[in-house]
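Welcome! Please keep the structure open beside the text as you read.

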Amino acid sequence: MAAALLAAFAEPAAAQALLDWTEAEVRVVGQHGPWPPPPARDPSNRISGALAGIALGEYLFNDARLSGDGLMSCAACHQEGRDWSDGRTRGKGRVDLDRRTPSLWNVGYSRWFGWTGAGDSLWGQSIRPILDPREMAGSRERVSRLLREDKELACGYERAFGTKPDGDDERLLVDAAKALAAFQATLVSPRTRFDDFRDALVAGDREAAARYGLPEQRGLKLFIGEGNCNACHFGPRFTNGEFGDIGIAFFVRPGEVDSGRLGGIATLAASPFNLLGRYNDDPSGTSARRTQHVRRLHSNFGEFRVPGLRQVGRSAAYMHNGSFATLEDVVRHYSEVSPDRLHSDGTPLVRPLGLSIQQSTDLVAFLRSLDAAPPPRPAPPPLCP
Amino acid sequence: MRLLAALSAIFFANAAWADCPLDLGRGSGLVIFSDHYMIAFRPDPLRIEVGEPFALLFNVCTKSGSAGELVAVDAQMPEHKHTMNYHPSIVSKGDGRFRVEGLVFHMAGHWELSIDVRAGEEIERLTHDYYIK
């Protein structure tokens, strides 16, 4: 089977349009798919995947009344027309923020949330900006009152959860966040030119594979080969879901650092909304396994979540603090990163790649092949027709 | 085949080890040993995926026939000198059986699993190499 596959790709007829791909390379490329994956389901959220919950979540996502001043919804920063981010270098809530607003594409498949993994569930993470005085500055009382007093939302709540909104404010805040999570988990990025190539390569369809441009193919070879980018940007979403220090400056302003994952783990442990708490709907305990075992390491200082790369060309700026404006800047960083800034006792995972102009161009071409224009979204259904 | 024969010879040459249950269900497990210990283990699920939590089931046997204790399990990537981002927990199931939860290999490549066991005062470390693709 493998020999036949290699023989097929060794045929000279279309050699100008298809690079030689070894059996090992085909296997590694195959690990970046298939796409899309099955719909995300979160056992810690009892309305995950439920249509009524998704509908309620979409209404809440766009409802500015969740915020303290009634002026800022989730959609103010996570804008559909900006690939569920805001197009800004760094986020802006009631004040300017220190980190970039992450895109919500494929967020339902994540295991850690926020740049530092301070959230261990999408619903837990969705509570943070609502309550954060720098962002929406809302409160549990405000959210719960909205669910009780707005007739349409109250009806949507009852349909989603099977009971009327009661007097437990914290419970209602969590339920609102679970509806928000159910909606966000439906935001799955579309198939891309890379996916067509990946599927053709794995299937041995030489003609279809050859439709993928040579710069993209060269960039992909670099990505999974010399660049070793897939050590962290692994799998169908191009992330292993964990954290890394890639040599970005720690300081957010003179004398103040962003400790990254180190602080994220501490915040997670202190949160009443983590998966070890009373609001986890998963009786098996399986969903809490990472939280239960996560280890706080000195090396967590300055680490940030490895972002997925799907739609990466559509969601500038880059890095947790928006320090790079373009994909070209990102590739230049990996080409020239100072080894003095990176601490590793062994072979460093991030090292200056010393890319040529051609290699840099190819790598960017490959990354852009992970982009695709999403189809228009239908208007949300009425909550209670 | 030669390894199997060698293992069998060592195994059956010692009465205490002959009682060591190597079958951990769903076929069998891997076996590693030292002068004092024989350890059978297998992952659950059987296939370890990059970034996915898994457990390890252990049977810890001693040459003397006394009860062996699994003290610690950890893993690191020798090339990069980093550990897992998770600290595994050990639950004793009695009779030298243990279940270790909370392991995650977050990158493809070579991982060295370290297994610390004790049957008295001294702790001994045994290792096993995993190559995750």
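α12(A) gives the most to the lining of the second largest pocket, contributing three residues. Before going further, please note that this is a predicted model.

Let us stay with that pocket for a moment. The second largest pocket holds about 1100 Å³ of space. Its lining consists of 46 residues, and those nearest the centre are Y109(A), S110(A), R111(A), R290(A) and E52(B). Which elements each supply at least two residues of this lining? In chain A they are α7 (169–184) and α12 (289–293), and in chain B they are β3 (54–62) and β7 (97–103). Sorted by class, the lining has 17 nonpolar, 15 polar and 14 charged residues.

Now for chain A as a whole. Its secondary structure comes to 14 helices and four strands. The C-alpha trace of chain A spans about 70 × 50 × 40 Å along its principal axes. How does its radius of gyration sit beside that of a compact globule? For 385 residues, such a globule would have a value near 21 Å; chain A has 22 Å, so the two agree.

Of its 385 residues, 53% are buried. Among contacts in chain A with a separation of 6 or more, 72% are between residues 24 or more positions apart. The accessible surface of chain A is about 16900 Å², and carbon and sulfur atoms account for 55% of that area.

Next come the backbone details, beginning with the cis peptide bonds. One joins G33(A) and P34(A), with omega about 0 degrees. P34(A) is placed in the loop between α2 (23–30) and α3 (51–61) of chain A. In chain B, the peptide bond from D44(B) to P45(B) is cis as well, with omega near 0 degrees. P45(B) belongs to the loop between β2 (37–44) and β3 of chain B.

The table sets out two examples.

| Residue | Phi | Loop | Relative accessibility |
|---|---|---|---|
| A137(A) | about 55 degrees | between α4 and α5 (140–149) of chain A | 22% |

A137(A), with a relative accessible area of 22%, is partly exposed.

Our last stop is V331(A). This residue lies in helix α13, which covers residues 327–336 of chain A. At 3% relative accessibility, V331(A) counts as buried. Which residues does V331(A) touch, leaving aside its neighbours within four places in sequence? Its contacts are L355(A), S360(A), L363(A), V364(A) and L367(A). V331(A) and G33(A) are 298 residues apart along the chain, and their C-alpha atoms are separated by 23 Å.

Key. Residues are numbered from 1 along each chain as its sequence is written. Chains are lettered from A and ligands numbered from 1 in the order in which they are written. This is a predicted model: local features need pLDDT of at least 70, side-chain atom pairs count only at pLDDT 80 or more; totals for chains, interfaces and linings use all residues. Side-chain values use heavy atoms; hydrogens and water are left out. On a 1 Å grid over the protein atoms alone, a cavity is a set of points where a 1.4 Å probe fits but cannot get out, and a pocket is an open set with protein on both sides within 12 Å along at least five of seven lines; lining residues have an atom within 4 Å of a point. Grid points are joined across faces, edges and corners, and a volume is the space filled by probe spheres set on the points. Ala, Val, Leu, Ile, Met, Phe, Trp, Tyr, Cys and Pro count as nonpolar, Asp, Glu, Lys and Arg as charged, and the others, Gly among them, as polar. Buried means under 20% relative accessible area, exposed over 50%, partly exposed in between (1.4 Å probe, protein chains only). The radius of gyration is taken over C-alpha atoms; the globule rule is 2.2 Å times the number of residues to the power 0.38. Contact means heavy atoms within 4.5 Å. Accessible areas come from the Shrake-Rupley method with a 1.4 Å probe; for residues, only the protein chains shown count as cover.
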